[in-house]
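Please examine the sequence and the structure shown below before reading the report that follows.

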Amino acid sequence: MTDATVSTPVPATGLEPAPEPASSSRAQKRKARKKAAKDPKRKITWDRVWAQRALLAMSVPLLLYQILFKYVPVYGWAIAFQHYKPGRGSIWNQQWVGLENFHNLFTGVNGERFRQVVVNTMGQSVLTLIVGTFGAIVLALLLNEVKNLPFKRIMQNITYMPHFLSWVIVASLASVALSLPSSGGFINQGLMNLHIVDEPVLFLTQPNYFWEIVAGTNLWKELGWNTILYLAAITAIDPGLYEAAEVDGAGRYRKMFSITLPSIRPTIVVLLIINSGWILSTNFELPYFLGNGLVSEKSETIDVFVLRYGYQLGNYSLAVVAGIFKTIVAVILVGSANLAAKRLNQETLV
Amino acid sequence: MSGTTVAKPLTRRASRGGSRRRKRTVEQIIFTTLNTTFLLALAALMIYPLLNTLAISLNDGNDAVRGGIGIWPRVFSLQNYNVVFNMTTIYQAFVMSVLKTVVVVATNLVFTSMLAYALSRKEFIFRRSITLIFVLTMYFDAGLIPNYLLIRDLGMLNSFQAYWVPTIISAFNLIVLRTYMKSIPDEIIESARTDGAGEFRMWWQIVMPLCKPALAVVGLFVAVASWNSWLDTLLYNSGDQALSTLQYELQKLLASSMNAGMNSVAATGSAQSGGQVTTPIALRSTITVVAAVPILLVYPFLQKHFVSGLVIGSVKG
């Protein structure tokens with residue numbers, strides 16, 4: 001951990017940052033970095049590079065490889081400014097049209113549809129995020145109250161299991177569960193047995209249920225998995241706090257609301273902020289598999305639009321514009337979400 | 001380092017005081033009962049769709065069309081499995097999925113751990129900039145069509161390479177392994193170095209054996225992602241039936257049954273192979289089981305590792 005004061009942590013790993021030692025405040029870190037820069041041992045010289053040739057041989061080829069497959073494809077963005085026709089071969093052999101595709105997508109003939117697509121993407125993501133976070137916190141709190149360890153472990157393993165199933169399988173299970181009772185739709189069966197509905201509901205043909213179906217299916221798949229980080233945060237709470245509260249006569253609920261929840265609040269906030277950075281990037285498979293002509297006004301998300309309208313119908317240029325929009329917004333959102341999380345982390349986690 | 005905290009006892013509870021304890025005990029019993037009931041109901045909700053699918057796959061196909069099968073087959077029959085494994089497309093797709101997963105896991109473990117080793121060495125001058133370039137790829141995605149164009153321009157469409165070449169390293173797994181390697185005591189590395197081991201030997205013979213738990217987690221994550229992926233088949237390899245994968249075949253089946261459902265002629269057709277017949281609902285359930293079981297079989301062996309792996313991965317080093 002002595003290294004922590006010298007090195008800057010990697011900007012973000014996408015999830016919860018670790019509590020850092022209290023001594024490494026931001027100012028101190030900056031000072032340490034300045035010192036490190038002046039330190040002759042840290043200067044990059046040919047001698048040092050040569051001495052580390054084995055480490056370079058291990059990393060540089062893989063770095064170039066990563067650049068090729070992750071950054072080089074950006075040349076494909078060129079077709080956003082073209083009338084791309086796959087038949088003409090190379091992308092340098094196409095007709096350039098400036099910003100016409102951007103106009104088409106945002107304001108022109110496709111404007112209304114694309115705005116709805118963006119609203120759908122955000123609506124589904126936000127609902128999924130809220131329901132998922134709330135569910136995971138409740139389940140983590142309830143699992144934490146289980147004192148029978150084998151039972152707790154079994155419950156954890158059962159709830160983690162759906163995470164490992166593919167979206168294809170989950171979508172297949174969801175479509176069966178939501179179908180008519182005669183096709184195995186146990187949700188309709190259950191609702192009818194409880195007399196909540198008199199007639200089975202054709203969930204997947206009604207646009208107004210679609211966002212809820214996406215959020216509910218996500219909840220089913222990821223609920224258990226999402227408790228892992230909360231449970232880890234709960235186990236890190238000092239047991240002395242609970243003992244002290246008991247001496248003061250605090251009951252179970254008091255301890256839950258006055259100790260456990262406040263203690264994991266930094267984790268909750270950080271995870272919420274970071275996940276909200278992905279708001280335009282999630283929800284591809286479920287809308288793609290479960291969506292159909294009857295519900296497309298509520299089901300179509302940006303990724304589905306790119307795949308259906310672009311790749312499968314050959315409108316490459318328009319799809320790339322939509323893709324660029326998504327990527328740029330995502331980078332901005334994830335970047336600022338991470339900055340926000342980092343800043344909060346300075347105040348709440350340290 | 002953070003893996004050990006998971007195993008700590010959760011809360012220590014010591015009730016004190018006579019009457020208060022009695023009151024607490026009654027409340028305790030009520031709460032525990034409610035909590036247990038709720039968790040059992042939740043577990044049932046998680047498991048029922050899976051058991052139901054399994055039951056339908058083990059049921060006679062024509063009988064399954066009548067519906068009403070719960071978690072136990074009504075007319076037991078292994079015919080669906082017979083049909084599925086006699087369908088050349090499904091059998092080939094199964095073999096291809098296994099092959100793809102094995103190759104992807106092997107290449108990922110070798111290359112990710114090699115890079116992670118280099119980036120975990122404190123003296124390595126470029127470790128920070130290289131890590132940054134990799135971490136940024138978690139957020140930056142050129143997009144589906146640009147990626148497709150790259151694969152096309154590299155001449156990898158409709159080839160097995162399209163499955164594994166673009167994905168030999170994932171930034172998240174790199175961070176997991178690098179963080180784990182950083183926790184290996186320096187003395188071990190130093191003493192190996194004084195014995196004259198070079199970097200490659202140090203990585204392969206000293207560090208790799210010490211990283212087995214982290215490698216198990218990363219291997220599981222990679223295997224699940226590769227086994228479950230279908231988009232790579234659709235985008236890059238849908239032109240060659242021999243390269244189809246199980247998830248892609250299942251996806252095609254799901255798409256056609258969704259369409260059939262919308263036209264309300266669901267579950268009346270039949271699938272045929274080698275003179276044997278089954279129904280779409282039975283076929284779909286059977287392929288679902290075949291596509292789910294391999295991952296669910298590996299899972300119990302690795303589950304004791306993955307919680308710590310996820311926690312390590314979420315902690316920046």
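## Overall fold of chain A

Among contacts in chain A between residues at least 6 apart in sequence, what percentage join residues at least 24 apart? The share is 67%. The structure is a predicted model, and this percentage was computed from it.

Chain A contains 16 helices and 2 strands. Of its 350 residues, 38% count as buried.

## Confidence of the prediction

The average pLDDT of chain A is 82, and 86% of the residues score at least 70. Residues 1-24 of chain A stay under 50 in pLDDT. For this stretch, the model has 55 contacts beyond four places in sequence.

## Domains

Two domains are listed for chain A in the domain assignment: domain 1 covers residues 23-65, and domain 2 covers residues 106-349. The centres of domain 1 and domain 2 of chain A, taken over C-alpha atoms, are separated by 40 Å.

## A buried helix

Is helix 8 of chain A mostly covered or mostly uncovered? Helix 8 is mostly covered, since 11 of its 11 residues are buried. Among these buried residues are A:Trp167, A:Val168, A:Ile169 and A:Val170, and the list also includes A:Ser172, A:Leu173 and A:Ala177.

## The contact between chains A and B

How many residues does the contact take from each chain? Chain A gives 80 residues and chain B gives 85 residues. On the side of chain A that touches chain B, the elements giving two or more residues include helix 4 (53-71), helix 6 (111-145), helix 7 (149-160) and helix 8 (167-177). Helix 10 (210-235), helix 11 (239-247), helix 15 (302-312) and helix 16 (316-349) of chain A also belong to this list. By class, this side of chain A has 51 nonpolar, 21 polar and 8 charged residues.

## One helix pair across the contact

Helix 15 of chain A packs with helix 6 (residues 144-153) of chain B at an angle of about 45 degrees, and their axes are 10 Å apart. Because of this angle, helix 15 of chain A is oblique to helix 6 of chain B.

Which residues meet in this pair of helices? From helix 15 of chain A, A:Val306, A:Leu307, A:Gly310 and A:Tyr311 take part. They meet B:Leu144, B:Ile145 and B:Tyr148 in helix 6 of chain B. By class, the contact of these two helices has 6 nonpolar residues, 1 polar residue and no charged residues.

Technical notes: Residues are numbered from 1 along each chain as its sequence is written. Chains are lettered from A and ligands numbered from 1 in the order in which they are written. This is a predicted model: local features need pLDDT of at least 70, side-chain atom pairs count only at pLDDT 80 or more; totals for chains, interfaces and linings use all residues. Helices (H or I, at least four residues) and strands (E, at least two) are DSSP runs, numbered from the N terminus. A residue is buried if 20 or more other C-beta atoms lie within 10 Å of its own, exposed if 12 or fewer, and partly exposed in between; C-beta atoms are placed from the backbone. Two residues are in contact if their C-beta atoms, placed from the backbone, lie within 7 Å. Ala, Val, Leu, Ile, Met, Phe, Trp, Tyr, Cys and Pro count as nonpolar, Asp, Glu, Lys and Arg as charged, and the others, Gly among them, as polar. Axes are lines fitted to C-alpha atoms, for helices over the stretch in contact, and angles run from 0 to 180 degrees between N-to-C directions. Angles under 35 degrees count as roughly parallel, over 145 as roughly antiparallel, 65 to 115 as roughly perpendicular and the rest as oblique. Domain bounds come from an automatic or database domain assignment. pLDDT is the predictor's confidence in each residue, from 0 to 100.
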